[in-house]
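Here's a quick look at the charged contacts and one surface patch. Have the model open while you read.

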Amino acid sequence: MKIYGGGKIFVGLIIFIGLATSPFLFNIGKSSIVRDTKAAEIMQSMGLQCVEKKAFMLPNHMRLLDKWRDSVVRKGNRLYKASDGKEYEMSLQNTCLNCHSEKNETCNACHSNMARKHTCNGCHNYMAVNPYCWDCHIKPKETKS
Amino acid sequence: MRILFSFFAVIALVLSAYAGVKIANLQFLFGVVIPYIAIAIFILGFIYRVLKWGSSPVPFRIPTTCGQQKSLPWIKQNRIENPSSISGVIIRMALEVLLFRSLFRNLKTQLKEGKLVYGEAKWLWLAGLAFHWSFLIIFVRHFRLFLQNTPSFIKMIEGLDSFLQLGVPVLYMTDVVLLGSVTYLFLRRVFIPQVNYISLAADYFPLFLILGIGTSGVLMRYFYKVHIVSVKELVIGLASLHPVIPQGIGVLFYIHLFLISTLLVYFPLSKLMHMGGVFLSPTRNMVNNSRMVRHINPWNYPVHVHTYEEYENNFRGKMKKAGIPVEKE
């Protein structure tokens, strides 16, 4: 098969192959790290639980926070009744960050860096998600560990 | 018929992914094996199609021009619409690829009060441009799932795309534009009689397929959520050739992935190859220099010519008898 205008065709094809395989090229020598879900199990076995179940919180926490914000800021209602009947204060800084903080002593009691992995940024940085919580809330100071 | 066939073909794809994952538990097949096969077919098929086009000689200059050709020095040349240099061709191609300039000139032909009239028809151009650009942005945005550390320019694109900060998770404008423009591109094939007449299943199928990919993506992000961290783990696993199947991703993701795999396989077999083809359009990518350079057909072969001298040699006797003058006695 004779290729006419060979140079240009091959340059174009090389660019195409480079672009099409770029996800593979960027990941040479790397491998996926599957999250360790043991921490969550340990927390549960210790009777520590989030306001709702994990299966709900993982994909829906941002919606819950959105509802909380509307309820607190627009209606002045700070009382959240969870689906299991328990009541919580709707507050990012006083309820959520109480546990989901890099200073969580229960986590750090076993592994010094454990809590840091499981804060908001632990997943948000990995997923390149940039929520605008700290546009209004005062950002808690991060300490380098 | 052509519409329903394409529609049910996409529905069948969705159902097979649903059944495969939900009932038969074939996560590894739909999450790893099929995507790898699809990527291989896409890349090899794409190369094959381009090489096949490259093997067709285009010996003569056949650009379709719409401007003054390079001529006498006091006649102003249109350097972009009728390029006589490589730089002109590059600008012309860039306008064609990035802004669909030739489609911008699309006209509507109508009979009005017995007269043939031409009117502007920009909607196809607008919807086509909106569709292609939002698809590109969505495609680039997805690289946050392919790279461990998302580069800042992808974060910037995401930030601009979700600039309106509507809802949680924030709404991407391109999601709306993509679904809207694909819907328009579909409806025009249904409601404009002339376009409907020439539309085939091969025109409807990619539209439904892309609509299915867009819809499943939108459902996954805004409505029936999947576990996105696991999705990234799976995708990085694929890209680093260490495939893993994290638990509990959600069937919607596998449907999305299967439709994309179908698109990748279908791509080199179909009109979607215009992605590569647009760069190989001889009517766009050629310099119009027919009056400056002689182009010789590469398959010219020496033709045996029967000259008058040979003719006379053959028939001299008979010609003389008939009284026809001859050059040589």
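What follows covers the ground rules, then the salt bridges, then the patch.

## Ground rules

This is a predicted model, where local features need pLDDT of at least 70, side-chain atom pairs count only at pLDDT 80 or more, and totals for chains, interfaces and linings use all residues. Residues are numbered from 1 along each chain as its sequence is written, chains are lettered from A and ligands numbered from 1 in the order written, and side-chain values use heavy atoms, leaving out hydrogens and water.

## Salt bridges

Counting a side-chain nitrogen of Lys or Arg within 4 Å of a carboxyl oxygen of Asp or Glu, you get 14 salt bridges over all chains. In chain A, Asp66(A), Arg69(A), Asp70(A) and Arg74(A) are joined in a salt-bridge network.

Over in chain B, Arg141(B) pairs with Asp161(B), with 2.4 Å between the closest N and O atoms. Arg141(B) sits in helix 5 (residues 123-141) and Asp161(B) in helix 6 (residues 152-161) of chain B, so the bridge ties together parts 20 residues apart in sequence. Helices here are DSSP runs of H or I, at least four residues, numbered from the N terminus. Both Arg141(B) and Asp161(B) are buried (under 20% relative accessible area; exposed is over 50%, partly exposed in between, with a 1.4 Å probe and protein chains only).

Glu81(B) and Arg105(B) also form a salt bridge, at 3.5 Å from N to O. Glu81(B) is buried at 5% relative accessible area, while Arg105(B) is partly exposed at 37%.

## A nonpolar patch

Leu4(B), Phe7(B), Phe8(B), Ile11(B) and Leu15(B) make up a nonpolar surface patch with about 470 Å² of accessible area together. Patch residues have over 30% relative accessible area and no salt bridge; like charges are joined within 9 Å, and nonpolar side chains (Val, Leu, Ile, Met, Phe, Trp, Tyr) within 5 Å. Areas come from Shrake-Rupley with a 1.4 Å probe, and for residues only the protein chains shown count as cover. Phe7(B) lies in helix 1 (residues 2-23) of chain B and is partly exposed at 35% relative accessibility.

Notes:
Helix = DSSP H or I, 4+ residues; strand = E, 2+ residues; numbered from the N terminus.
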